Amino acid sequence: MLFAENQVVERNIDHLPAGNVLLLDLLNDDAIAEFSEQRSDINWFGFTPYVDTQQLNKKNNVVFGAWLEEEQVNNTKFDAVVIYFPKTKLRFDYYLSMVSKHLNKDATIYIVGEKKGGVKSCDKALESYCDVTAKLDGARHCMLFTATFNNHVCTKTMEDWFSTSEVTVEIEKQAVTVQLVALPGVFSANSLDNGTQLLLNTITDVKGHGLDFGCGCGVISVALAKRYDCSMTAIDVDALAVESSNKTFAVNNVDAKAKPSNGLSAVLSSGEFFKFIVTNPPFHTGTKTDYTITEQLIKHAPKMLKRKYQFWMVANAFLPYPELFKQHFKYVEVKNKNKRFNIYYTGRSS
């Protein structure tokens with residue numbers, strides 16, 4: 001079944017022009033296959049920064065990465081683009097900048113998203129690229145807008161979109177200062193969120209090679225690598241996060257490497273083992289609460305940990321993680337907490 005946004009696109013599929021159409025940041029469903037059956041006069045392409053979406057769409061023309069390059073689509077120019085409105089306005093700006101290089105003259109731009117996800121504000125960001133934006137449809141708690149490209153091509157490259165900031169955090173009574181480098185919409189970009197700060201304030205004496213699950217811009221990995229001189233493997237489903245983390249690691253000159261992964265797939269297939277795991281895992285899919293990813297992490301973590309290990313996790317206190325830990329580890333304890341977050345720990349020292 002299609003997600004609500006794609007049901008709205010499907011309702012309006014006859015409005016799309018024939019030719020080459022790009023679905024930008026497409027959703028994790030079978031939209032391309034279903035749309036192809038209804039509009040055989042369209043050559044459908046997709047772009048996603050999320051590796052799980054790319055893996056679901058292996059049979060389709062779906063490009064995975066942090067930035068869409070001309071050679072990835074064989075220099076194809078698009079007659080229309082459907083942009084799925086992202087969670088942050090900055091990432092929408094980033095997408096518009098990127099896709100402007102791939103559009104034909106007077107191409108049609110469609111924007112679809114959930115009403116509560118902020119799609120109503122898309123017209124402001126579109127002002128540089130379109131003269132007039134019009135609402136085309138509203139259904140399934142979503143809205144679909146349309147506009148005509150004014151042929152303004154943004155000159156920014158991916159490198160121009162990186163932002164930099166400096167944060168200092170206390171780890172075991174020592175102040176650690178790190179430089180953060182991040183692309184738009186990446187978690188913990190430009191600042192240290194309260195959960196990650198509490199986690200780093202609580203962690204003690206990690207050694208060896210560690211795994212940072214859901215690394216965002218790499219702040220946990222780089223802070224621990226600086227404090228304890230450990231090495232890190234960082235994974236994230238988002239290609240923009242992977243690019244950001246690797247930039248952060250290079251700037252701070254630490255022994256760490258980020259790579260894209262659908263959950264734990266990249267590390268499970270590599271056969272790597274870790275002395276410790278640290279994580280501030282996601283618990284949303286879009287705007288909905290979803291802790292399936294963290295469930296899988298807790299379930300499979302024992303397969304990746306060495307005999308002596310530590311496992312540190314920060315999470316919102318209302319989420320049901322203690323029982324999940326107890327299903328797969330001998331014990332779990334709350335090492336620290338505040339009004340919003342718990343710091344969970346389990347480990348073995350012998």
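Predicted model: local features only at pLDDT ≥ 70, side-chain atom pairs only at ≥ 80, totals over all residues.
Colleague: How should I read the packing of two helices?

Modeller: Two packed helices are described by the angle between their axes and the distance between the axes. For H1 and H2, the axes come within 11 Å and cross at roughly 10°. That angle is under 35 degrees, and the two helices are therefore roughly parallel to each other. Asn 6, Val 9 and Glu 10 of H1 meet Ala 31, Glu 34, Phe 35 and Gln 38 of H2. These contact residues divide into three nonpolar, two polar and two charged.

Colleague: Now the sheet: in what order do the seven strands stand?

Modeller: The order is S12-S11-S10-S13-S16-S18-S17, in an open sheet with mixed pairing. Strands S12 (256–260) and S17 (333–337) are at the edges with a single partner strand each, so one side of each has no neighbour in the sheet. On average, neighbouring strands are turned by 20° against each other, direction ignored.

Colleague: How many bridges join S16 (residues 305–316) to S18 (residues 341–348)?

Modeller: Eight, and the two strands run antiparallel. Tyr 309 stands opposite Arg 348 in S18.

Colleague: And which strands does helix H6 (residues 194–202) lie across?

Modeller: H6 lies across S13 (274–279), S16, S17 and S18, running at about 40° to S18.

How values were computed. Residues numbered from 1 in each chain as written. Heavy atoms only, no water. Axes fitted to C-alpha atoms, helices over the stretch in contact; angles between N-to-C directions. Helix = DSSP H or I, 4+ residues; strand = E, 2+ residues; numbered from the N terminus. Parallel < 35°, antiparallel > 145°, perpendicular 65-115°, else oblique. Contact = heavy atoms within 4.5 Å. Nonpolar A, V, L, I, M, F, W, Y, C, P; charged D, E, K, R; others polar. Pairing = 2+ DSSP bridges.
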